[in-house]
Amino acid sequence: MASALVTTDLPDLTLISRGKVRDIYRTSAEDCLLFVATDRISVFDVILTKGIPDKGKALTRISLFWFEKLKHIVPNHLVTADIDQMPEEMRKYGNQLEGRSMLVKRAKVIPIEFIVRGYLTGSAWAEYKKHGTMFGIPLPENMLESQRLPEPLVTPSTKAEQGEHDENISPKEAERIIGAELYSRVAAIALKLYATAAEYAISRGLVLADTKFEFGLISPSNPSEEEVILVDEVLTPDSSRYWPLDKYEPGKSQPNFDKQYVRDWLVSQGYRRGLEKGPEGTDKGWDIDADVIEGTQRRYLDVENMLKREEPVA
């Protein structure tokens, strides 16, 4: 198995931040940034000690696929993923950047994650069983686990700093943070993106249960007319919950192609809130076994291959 690139080392570039997965660098082009998708894996907002080899390359390929397919709905931040078209100072690092980097437009990131849910699962199912609601939104009675919702819903969350946890918030709180008009506008875009992507995914044998979108604002010409663009990654197994259509059956948890596989394994090993630093509360972090690494890698590649099928499934 190839080794994982957990941390980039680009000494001639200025590192702006290391996120849960991405390293972001300043470039000689003032209006652009370099995004590098590492092989780190973050579960429960905790970065595990081992990465998934070539995961960053798979994330990049899947994001590029969706950026192209969804660009008619909303512009995105991609400038190029071709190293030969990037500023010269990056080309010497081709061994680290090839296949996992994007030159992107610098944008003012909207500090809300727009999570669109089409099915009742995960933490939403846990709340529904207790209160009949999904993040405070009333749902019909007697729904089943993994059942399709009457219509997709946006459940916003805050964007957590590394080491912190994202927090689900109400639409009203999101409106207070970014303004009601902007929230309404972006939520409508997120719903349209989800509907288009979910319809396509079904045609390729995948149920897109839910996904997270992030957006930014740019001022291409007139500063008073900021344009909404899609940023970060899009519709990858890191940010989405994919299920195999041929095995989908409401009333139970579903086989998955996403990080739920790793979440379930961690929980089986004793993970819980308060033990983010490691099984004994030390600073050693959470490790994962070789078979979990291999299984995760296989699931990411399966999603990519299914999405890129030339013909719809029968």
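Author: A crossing is left-handed if the near helix is turned anticlockwise from the far one by less than a right angle, and right-handed if clockwise. Helix H4 (residues 171-178) passes helix H5 in a right-handed crossing.

Reader: What kind of model is this, and how are its residues numbered?

Author: This is a predicted model: local features need pLDDT of at least 70, side-chain atom pairs count only at pLDDT 80 or more, and totals for chains, interfaces and linings use all residues. Residues are numbered from 1 along each chain as its sequence is written, and side-chain values use heavy atoms, without hydrogens and water.

Reader: What makes H4 oblique to H5?

Author: The axes of H4 and H5 cross at roughly 120 degrees and come within 7 Å. Axes are lines fitted to C-alpha atoms, for helices over the stretch in contact, and angles run from 0 to 180 degrees between N-to-C directions. Under 35 degrees counts as roughly parallel, over 145 as roughly antiparallel, 65 to 115 as roughly perpendicular and the rest as oblique. The crossing at roughly 120 degrees therefore makes H4 oblique to H5.

Reader: Which residues make that contact?

Author: Pro171, Ala174, Glu175 and Ile178 of H4 meet Ala180, Leu182 and Tyr183 of H5. Contact means heavy atoms within 4.5 Å. By class, these residues are six nonpolar, no polar and one charged. Ala, Val, Leu, Ile, Met, Phe, Trp, Tyr, Cys and Pro count as nonpolar, Asp, Glu, Lys and Arg as charged, and the others, Gly among them, as polar.

Reader: Why are H1 and H5 called roughly perpendicular?

Author: Helix H1 (residues 55-70) and H5 (residues 180-203) pack at about 115 degrees, with axes 11 Å apart. H1 and H5 are therefore roughly perpendicular to each other. Their crossing is right-handed. Phe65, Trp66, Lys69 and Leu70 in H1 meet Leu193, Thr196, Ala197 and Tyr200 in H5. The contact has six nonpolar residues, one polar and one charged.

Reader: What makes H6 roughly antiparallel to H7?

Author: The axes of helix H6 (residues 260-268) and helix H7 (residues 290-307) cross at roughly 160 degrees and come within 9 Å. That angle makes H6 roughly antiparallel to H7. H6 passes H7 in a right-handed crossing. From H6, Tyr261, Val262 and Trp265 meet Asp291, Val292, Gly295, Thr296 and Arg299 in H7. Here the classes are four nonpolar, two polar and two charged.

Reader: How do you know that E3 and E7 pair?

Author: Two strands pair if DSSP finds at least two bridges between them. Five bridges join strand E3 (residues 32-37) to strand E7 (residues 101-105), and these run antiparallel. Valine 36 has serine 101 in E7 as its bridge partner.

Reader: Why do E1 and E6 count as edges of the sheet?

Author: Five strands form an open, antiparallel sheet in the order E1-E2-E3-E7-E6. Strands E1 (14-18) and E6 (78-80) each have a single partner strand, so one side of each lacks a neighbour in the sheet. Neighbouring strands are turned by 35 degrees against each other on average, direction ignored. H1 lies across E2 (22-26), E3, E6 and E7, at about 45 degrees to E7.

Reader: Why is strand E14 called mostly covered?

Author: Four of the five residues in E14 (residues 227-231) are buried. Buried means under 20% relative accessible area, exposed over 50%, partly exposed in between (1.4 Å probe, protein chains only). Strand E13 (residues 206-218) runs antiparallel to E14, joined by five bridges. Glycine 216 has isoleucine 229 in E14 as its bridge partner.

Reader: How are helices and strands assigned?

Author: Both are DSSP runs, numbered from the N terminus: helices are H or I with at least four residues, strands E with at least two.
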